[in-house]
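Thanks for coming. I have one structure to go through today, so please look at it first.

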Amino acid sequence: MKLKLSGREINSASMEHLERVSGEDAKKCYQCGNCSAGCPVSYEMDMNPSEIIRFLQFGKIDDAMAANSMWVCVGCLQCYSRCPKGVSAASILEGLRQLTLRKGQDHDEVKDLPVEFIKKAPQQAIVSGFRKFVS
Amino acid sequence: MKIPYYPGCTLNTVAKGFETSAKESSKTLGFELEELKGWNCCGATFPLTPDNTMALTAPAKVLAHAKAAGDGNKVTTLCSVCYNVLKRTNHVFKEDKARREVINSFIEESYEGELDVVHYLEVLRDTIGFDKVKEAVTRPLAGVKVAAYYGCMLLRPHEEVAIDDHESPTIIEDLMTALGADAVDFPQKIECCGAHLSMDRTDVVEKLSGNVMSSAVENGAELIVTSCPLCQYNLEKSQERTTVEVSGYKAVPIIYFTQLLGLALGQTDEMAGLKDNEWDARPLLKEKGV
Ligand code: SF4
Ligand code: SF4
């Protein structure tokens with residue numbers, strides 16, 4: 001796949017916004033792929049963590065937003081733990097989630113949650129699920 | 001010796017045996033877990049971006065109360081998630097003056113990160129000593145093959161929270177050995193169970209938890225211990241599917257490390273909460289003569 005470089009996209013306001021919210025600079029990444037190799041849910045992601053970061057290096061934030069990656073990230077921090085450059089893909093994905101949720105675009109509908117889950121699951125599953133999926 | 005103790009929501013409800021066994025074990029070992037009064041939820045997830053100071057107000061309130069409650073030195077907790085959230089929030093209070101001031105002014109406290117947040121396992125290892133725990137054992141768990149499942153929250157991010165080597169921890173195995181059990185090592189012990197995806201992606205949870213359990217059992221485990229109520233729930237929930245999908249996999253009990261500690265220190269099955277686990281550990285323990 002060919003990505004077209006555009007200074008306008010790389011330095012866009014949304015890219016700046018994401019950098020500020022996530023506290024991460026995607027340009028530090030040198031694409032070794034350690035994060036994706038250690039990520040337990042790479043197999044389920046449209047774009048694995050290092051691909052998300054690659055797209056962001058090119059300013060392609062809309063593509064990163066459209067991928068399901070941020071919603072299947074479990075926040076386990078294996079990516080950060082194994083990154084030789086100290087980049088946290090987890091923070092970048094949380095940043096993308098945050099930008100979406102703050103626009104009021106929920107990922108889950110509370111009314112659709114299975115009653116069985118609410119009854120039986122430890123509260124921490126519900127509280128953290130709400131934080132990750134509901135604005 | 002009394003240590004201020006933060007239980008968190010789950011230990012009062014779906015993980016009661018985790019708490020009763022720990023509290024009673026403490027008494028046997030010469031200390032007391034003193035529950036904080038009027039505590040609130042820690043928020044159950046530490047925000048992974050710095051642009052979310054609001055999420056730190058709840059755990060900050062817990063820390064400020066804990067400082068006022070005890071000798072102002074430390075607070076302990078059993079749940080891995082509470083430990084992670086409190087420890088990381090405390091780190092922000094120690095390291096980041098500007099954020100500390102914002103949060104303090106919002107919650108009307110003057111906490112400055114003075115406490116040490118320690119996990120119950122660290123109390124046993126560093127304050128009591130595993131050798132002392134070993135001396136107190138009246139019912140050794142001889143011949144029980146136990147896999148220690150750490151998951152994420154006791155270990156990552158390593159520079160802030162790791163209670164042991166973050167790639168190859170042994171603190172739970174060391175405790176199990178002190179109790180007389182045979183600790184089983186397995187490659188998936190630091191991997192994720194699927195965490196909050198139990199809310200909307202049970203298929204992913206079943207895969208991840210299934211990987212953890214089959215790796216443990218392949219390496220000889222007859223029982224898995226954990227320190228996290230969400231890991232415990234996700235593993236138990238995924239066991240049936242793992243039994244169907246992984247050939248040769250045999251379901252094993254998944255319980256809290258304090259339940260085995262309690263048993264080894266002479267507690268009854270009730271006190272150790274053994275009847276509440278979905279996969280009963282009692283037949284295995286009986287077979288082993290414990
Ligand atoms: S591990 Fe770090 S440097 Fe390597 S690809 Fe991932 S983010 Fe980039
Ligand atoms: S935190 Fe998210 S991106 Fe990082 S390894 Fe875990 S699941 Fe993958």
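How many residue pairs in polar contact does the rule find across the interface of chain B and chain A? The rule finds 13, both residues at pLDDT 80 or more; a polar contact is a pair of N or O atoms within 3.5 Å, where within protein one must be able to donate a hydrogen and the other to accept it, and residues adjacent in sequence count only if both atoms are side-chain atoms.

Some conventions. This is a predicted model, in which local features need pLDDT of at least 70 and side-chain atom pairs count only at pLDDT 80 or more, while totals for chains, interfaces and linings use all residues. Residues are numbered from 1 along each chain as its sequence is written, chains are lettered from A and ligands numbered from 1 in the order in which they are written, and side-chain values use heavy atoms, with hydrogens and water left out.

Back to the chain interface. Contact there, meaning heavy atoms within 4.5 Å, involves 44 residues of chain B and 46 residues of chain A. The buried area is about 3,700 Å², with 58% from carbon and sulfur atoms; that is the accessible area (1.4 Å probe) that two parts lose on being put together, summed over both. On the chain B side, Leu48(B), His196(B) and Met199(B) lose the most area to chain A, together 22% of what that side buries.

The rule also finds 3 salt bridges between these chains, a salt bridge being a side-chain nitrogen of Lys or Arg within 4 Å of a carboxyl oxygen of Asp or Glu. In one salt bridge, Asp51(B) meets Arg102(A) at 2.7 Å, N to O.

Now chain B by itself. It is divided into domain 1 (2-120) and domain 2 (133-287), with bounds from an automatic or database domain assignment. Their C-alpha centres lie 24 Å apart, and each domain gives 23 residues to the contact. Between the two domains, about 2,000 Å² is buried, 68% of it from carbon and sulfur atoms.

What does the rule find in the way of salt bridges across that domain interface? There is 1. Separately, the listing for chain B has Glu160(B) in a salt bridge with Arg88(B), the closest N and O atoms being 3.1 Å apart.

Last, the ligand. Ligand 1 is surrounded by 13 residues, each with a heavy atom within 4 Å of the molecule. Cys29(A), Cys32(A), Gly33(A), Cys35(A) and Cys83(A) are the closest.
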